[in-house]
Amino acid sequence: QVQLQESGPGLVKPSQTLSLTCSVSGASITTNTDYWAWIRQPPGKGLEWMGTIDARGSAYYNPSLVSRTSISRDTSKNQFTLQLRSVTPEDTAVYYCAREGISTTYDYWGQGTQATVSS
């Protein structure tokens, strides 16, 4: 059974960097057929894809966020990490990590973690 778990601070001040980690069990983040994504949902809005990292460690970003976003990984811990720089209150959202498997759908999701940007 594949499981994903997000972790990180619940509260971040404006202009700071939000860092979140997704811990994966039941699958390896180096499996060639799998992609690992960060997705967020601001209050009252729909889901927004932020970026994806593939099995080789190459990352792909939403063009609207590319200047502020970095996704990296630690293969020894089977984790991947999101960094969102220069946050504003508009970055307040529930942040999810998810796997895009061979079916090309997001077949496994973390439970989500609330991140609030406020002074």
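These are my notebook entries on a predicted model of one protein.

**Entry 1: overall make-up**

I started with the secondary structure and found 0 helices and 11 strands.

Next I looked up the dimensions. The C-alpha trace spans about 40 × 25 × 25 Å along its principal axes. The radius of gyration is 13 Å, which agrees with the value near 14 Å that a compact globule of 119 residues would have.

Of the 119 residues, 41% count as buried.

I also checked how far apart in sequence the contacts reach. Taking contacts between residues at least 6 apart, I noted that 52% join residues at least 24 apart.

**Entry 2: the core**

Which residues have the most contacts inside the largest nonpolar core? I wrote down L18, V24, W36, W38, F80 and Y95, in a core of 24 residues. The elements that give two or more residues to this core are β3, β4, β5, β8, β9 and β11. Strand β3, residues 18-25, supplies the largest share, with 4 residues.

Apart from neighbours within four places in sequence, L18 is in contact with P9, V12, L82, Q83, L84, V87, Y95 and A115. Y95 is also on the list of core residues with the most contacts.

**Entry 3: the partners of β3**

Which strands pair with β3? One is β1, residues 3-7, which pairs with β3 in the antiparallel sense over 5 bridges. Within that pairing, Q5 has S23 of β3 as its bridge partner.

Another is β8, which runs antiparallel to β3 and is joined to it by 6 bridges. Here L18 has L84 as its bridge partner. L84 was already on my list of contacts of L18.

I noted one general point beside this entry: side chains in a regular strand alternate between the two faces of the sheet.

**Entry 4: the disulfide**

I looked for disulfides and the count came to 1. The link is between C22 and C97, with the sulfur atoms 2.1 Å apart. It is right-handed, with 70° about the S-S bond.

Why does this pair tie together parts that are apart in sequence? C22 lies in β3 and C97 in β9, so the parts joined are 75 residues apart in sequence.

Conventions
Residues numbered from 1 in each chain as written. Predicted model: local features only at pLDDT ≥ 70, side-chain atom pairs only at ≥ 80, totals over all residues. Heavy atoms only, no water. Core = buried A, V, L, I, M, F, W, Y, C linked by side-chain atoms within 4.5 Å. Buried < 20%, exposed > 50% of the residue type's maximum accessible area, 1.4 Å probe, protein only. Contact = heavy atoms within 4.5 Å. Pairing = 2+ DSSP bridges. Rg over C-alpha atoms; globule rule 2.2 N^0.38 Å. Disulfide = S-S within 2.5 Å.
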